[in-house]
Amino acid sequence: MSLATNERYRMFIGGELVESTSGEYRETIDPATEEPIAEFAAGTSEDVDRAVAAARDALPEWQAKTPTERGEVVQRLADVVRENAESLAEVETRDQGKPLSDSRGAVEGLAQTLEYYAGAAGKLEGKSIPTGGEEVDFTVREPYGVSAQIIPWNAPLNLMGQGTAPALVAGNTVVIKPAPTTPLSAVHLAELFEDAGVPDGVVNVVTGGTEPGAALSGHEDVDTVSFTGSVQTGAAVMESAAANITPVTLELGGKNPAVVLPDADLEEAADAIALGIFMNTGQICAAADRAIVHEDVYDEFLDLIVERAEAYELGDGIDDPDMGPLNYEAHFEKVMDYIDLGVEEGATIETGGEALDREGYFVEPTVFSDVETDMRIAQEEIFGPVLCVIPFSERREAIDIANDVEMGLTGGVFSNDVRAALNTAEQIEAGSIYVNQWFGGPIGAPFGGFKKSGIGREMGMEAFDSYLQTKNICVNLTER
Ligand code: NAD
């Protein structure tokens, strides 16, 4: 398996590669060169109907397997992913833009996620509830049925794995809709599903733009929707799912605070925050968007973070630089508009702020100082390599600034004082808090948002709550 330039990629429905009912194709562009790399089928709502029907038809066979058998299939998938690691990483880099090492890490992360859930297959227990009478009461956890997985473009392989693995192990069948600018890894992954012996129809991939996404979230035969993407589209998904009372899990955006207390190890904080905001060119929901830094160490921190930002080498992801391009042109323009807006709002560019004078959607790592919390650059998710640095004098003020946004996905605190660090961690309104690091936490750690950052949790055993519903059974034991 390898990425053939200008190849036409079909969709994967019912175990077969198929054309769209529209017969149409769209182009996907290499964001480092702006050249088309392949065409993919432009899926329609009729294609969604076909995929959902295939997923529904596959349910009886998939649910007839024991949990251990389903776990074995998902484990084989992990093995096949590892066997094809290099080509999957190459496809992800060409389509998404991220450095090859990051894509290799993403493939290994995908394999580990599949393994984690494969191992959980036999551990999805219900509970027994005391009755105090002549009854036995217990719960069983049953799959919902057809699970829709709507995926964004920033980390397609990882996000597909995070949803699909627990959905499958729990006994659901799946329809995946990747983003229109990064469809290729999903189609390649589908080919591997076949190699791993996933029965036909258990996993389906419909490529395309908004039409299949909207059709999937409002489909009356879809039993649960997992959506990862922006707050705005998340609200649209929730609205269309409401018509059928379809449960939704939403993993949405962030505007995440990194609080640097005066006693922090500043080198460590600068390393972690640089990684947090510049990895994947800032296109990570969990990014360290806002550094909220104590006034006593503000200047020193600025020097350290600027030094790190300026050390980044930008280039085509396939050459494995420190940082690749943004994923597509309209997003590149949005990030550049935010940089202009920051200047208009009165923030100071300490470094960066320019696009590279070459083909591709490259933006320099950018650090804004003199940022105030009510500026739009401090409130809205930029989703690019743009750090806002905000000073504070009292810890209470830092927490107020940290929480002064609509979203609450992740947050961080840097301090060598365990009490101050944990008190601050407790008070930040976010689903994940990193202490003296960024992006911490194993696969078993639940991940998800407070406030407008979402509903439900992915990763860890909590992810199963999106894929299993509880049935209570109460048995009368009275002898007559
Ligand atoms: P997006 O909301 O534009 O699109 C996400 C997916 O939804 C795409 O597949 C898209 O085609 C589809 N879609 C578009 N319109 C739709 C509709 N009306 N109904 C159903 N589906 C529709 O998001 P994006 O720009 O691709 O991704 C970036 C966003 O994702 C950022 O806000 C980022 O923070 C967020 N994100 C969150 C997490 C998390 O775990 N919380 C992870 C990664 C990305």
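Threonine 281 is found in the loop between helix H9 (266–278) and strand S14 (288–294). In this predicted model, the phi of threonine 281 is near 55 degrees, a positive value in a residue other than glycine. Most residues other than glycine have a negative phi. With a relative accessible area of 1%, threonine 281 is buried, since the cut-off for that class is under 20%. Phenylalanine 439 lies in the loop between strand S20 (432–435) and strand S21 (450–451), and its relative accessibility of 25% places it among the partly exposed residues.

Positive phi also occurs at glycine 97, which adopts about 105 degrees just after helix H3. Helix H3 (residues 85–96) comprises 12 residues and spans 16 Å from its first C-alpha to its last, close to the 16 Å expected at 1.5 Å a residue. The helix is mostly covered, with nine of its 12 residues buried. These are Ser87, Leu88, Ala89, Val91, Glu92, Thr93, Arg94, Asp95 and Gln96. The elements against which the buried residues of H3 pack are strand S4 (25–29), strand S5 (36–41), H2, H4, helix H5 (156–169) and helix H6 (184–195).

The packing of H3 and H4 takes place at an angle of about 125 degrees, with the axes 8 Å apart. H3 is therefore oblique to H4, and the crossing of the two helices is right-handed. On the H3 side, Ala85, Glu86, Leu88, Ala89, Glu90, Glu92 and Thr93 meet Leu100, Ser103, Arg104 and Val107 of H4. Classified by residue type, the contact of H3 with H4 contains five nonpolar, two polar and four charged residues.

Helix H4 (residues 100–120) also packs with helix H2 (residues 67–83), at an angle of about 165 degrees and with the axes 8 Å apart. H2 is therefore roughly antiparallel to H4. The contact is formed by Gly71, Val74, Gln75, Leu77, Ala78, Val81 and Arg82 of H2, together with Val107, Glu108, Leu110, Ala111, Gln112, Leu114, Glu115 and Ala118 of H4. Nine nonpolar, three polar and three charged residues make up the contact of H2 with H4. The crossing of H2 past H4 is left-handed. Val107 of H4 is listed both in the contact with H3 and in the contact with H2.

Terms used. Residues are numbered from 1 along each chain as its sequence is written. This is a predicted model: local features need pLDDT of at least 70, side-chain atom pairs count only at pLDDT 80 or more; totals for chains, interfaces and linings use all residues. Side-chain values use heavy atoms; hydrogens and water are left out. Axes are lines fitted to C-alpha atoms, for helices over the stretch in contact, and angles run from 0 to 180 degrees between N-to-C directions. Helices (H or I, at least four residues) and strands (E, at least two) are DSSP runs, numbered from the N terminus. Angles under 35 degrees count as roughly parallel, over 145 as roughly antiparallel, 65 to 115 as roughly perpendicular and the rest as oblique. A crossing is left-handed if the near helix is turned anticlockwise from the far one by less than a right angle, and right-handed if clockwise. Contact means heavy atoms within 4.5 Å. Ala, Val, Leu, Ile, Met, Phe, Trp, Tyr, Cys and Pro count as nonpolar, Asp, Glu, Lys and Arg as charged, and the others, Gly among them, as polar. The expected span of a helix is 1.5 Å times one less than its number of residues. Buried means under 20% relative accessible area, exposed over 50%, partly exposed in between (1.4 Å probe, protein chains only).
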